[in-house]
Amino acid sequence: MSFQIVGTGRAHPEFVLNNDMLSQIVDTSDEWIVARTGINTRYVSTHETITELSVKAADNALSKAGIGAKDLDLILCATMKGDYACPSLACLVQKEIGADCPAVDLNAACSGFLYALDQADAYIASGKVETVLIIGAELMTRHLDWTDRSTCVLFGDGAGAVVVRKGHGLKSIKITAKGDDELLVIGNTFCPSPYGKQPKLDPHFRMKGGEVFKFAVTSVLRDVKDVMKMAGVEVKDVKMLIPHQANQRVFQVAKEKLGFSDEQLAMGIDHYGNTSSASIPLLLDELIEEGKLKPGDIIVMSAFGGGLTTGACVIEL
Ligand code: COA
């Protein structure tokens with residue numbers, strides 16, 4: 001297939017919110033949150049914008065790739081909401097890093113990073129471009145109802161970036177969608193119009209946790225098996241499975257059913273929480289920086305989220 005990952009980067013806000021702090025604003029406890037989700041702390045933006053975090057992650061990825069912004073042919077930002085509806089987050093990143101190429105946002109909720117990888121694959125395979133900057137960035141804490149203990153304890157903020165170039169690292173990739181406005185929802189808000197009523201939607205993140213849990217486990221099991229089969233790799237060939245960091249229990253079940261070991265399971269939820277489309281690229285950069293992943297290693301990434309969407313791929317680093 002079409003590309004190789006040549007650089008990764010990440011950025012997160014400074015402020016660390018721990019579970020005890022949350023128990024001072026909602027009826028919850030460190031014990032409940034750790035046992036049900038695996039989350040200890042998460043980063044929460046107090047002043048950082050999503051553009052600032054994305055630019056920092058992008059600069060980081062470009063410098064590790066050893067290329068300049070002018071070498072980019074395309075910028076794809078996976079996000080549910082940039083700082084503005086217009087201009088896009090991708091255009092603001094393009095301006096700040098000094099790139100001179102097309103730039104566009106795409107929204108596939110927590111599967112956004114996999115959707116962006118899939119688009120980069122198609123663009124590069126078609127011969128239209130050679131080098132793509134992909135960012136997964138989300139300030140999920142902007143969408144939370146801080147009085148709802150069933151959701152406000154789950155999320156954090158961050159941005160992860162990768163630079164991909166024409167090459168042979170991508171072994172297989174798949175994405176799926178199944179439209180649903182019941183299980184995971186964040187409503188838009190609209191300006192009043194003299195010509196008609198605008199829908200009044202709840203702007204907070206709302207989730208049917210139990211049903212999403214089942215959807216998550218089922219889709220990770222299905223997608224990981226599919227992309228491994230497409231790539232012709234077995235569990236023993238895989239250095240790490242990097243699942244979307246939504247709930248530790250989801251990927252513990254998936255790990256056991258798929259036959260991966262504890263060492264093969266990438267874990268970042270304990271210190272990031274769920275950062276939606278940023279979760280996989282944030283963790284990928286951290287694992288590479290810590291020397292846990294090296295060139296030549298085979299990784300499997302798997303994401304699921306609102307839409308409902310899913311995505312998975314096999315990549316040789
Ligand atoms: N602290 C303490 N108790 C809480 C709580 C909190 N933060 N949140 C919910 N509870 C309570 C509930 O009110 C309920 O109490 P009750 O039995 O008295 O009614 C009890 O805990 C169990 O709630 P339930 O929703 O069944 O818990 P759960 O084990 O399903 O865990 C989630 C809830 C959200 C952690 C879990 O469903 C989940 O992770 N789902 C998938 C999330 C996900 O993957 N999202 C992806 C987004 S991309």
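A polar side-chain atom of Arg249 sits 3.1 Å from an oxygen atom of the ligand, a polar contact (a pair of N or O atoms within 3.5 Å). On its own the ligand exposes 960 Å², and the protein buries 70% of that (accessible areas by Shrake-Rupley with a 1.4 Å probe). All this comes from a predicted model, where local features need pLDDT of at least 70, side-chain atom pairs count only at pLDDT 80 or more, and totals for chains, interfaces and linings use all residues. Residues are numbered from 1 along each chain as its sequence is written, and side-chain values use heavy atoms, leaving out hydrogens and water.

| Residue | Atom in the protein | Distance |
|---|---|---|
| Thr28 | side-chain N or O | 2.6 Å |
| Arg149 | polar backbone atom | 2.9 Å |

What surrounds the ligand? There are 22 residues, with Thr28, Arg36, Cys110, Arg149 and Asn247 the closest (a heavy atom within 4 Å counts as near). Helix H7 (209-231) is among the elements that supply at least two shell residues each, and H7 gives the largest share, four (helices are DSSP runs of H or I, at least four residues).

Domain 1 (3-168) and domain 2 (173-316) both contribute to this shell, so the ligand lies between them; the bounds come from an automatic or database domain assignment. Across the divide, 52 residues of domain 1 are in contact with 45 of domain 2 (heavy atoms within 4.5 Å).

Notes: Polar contact = N/O pair within 3.5 Å; in protein donor to acceptor, adjacent residues only side chain to side chain.
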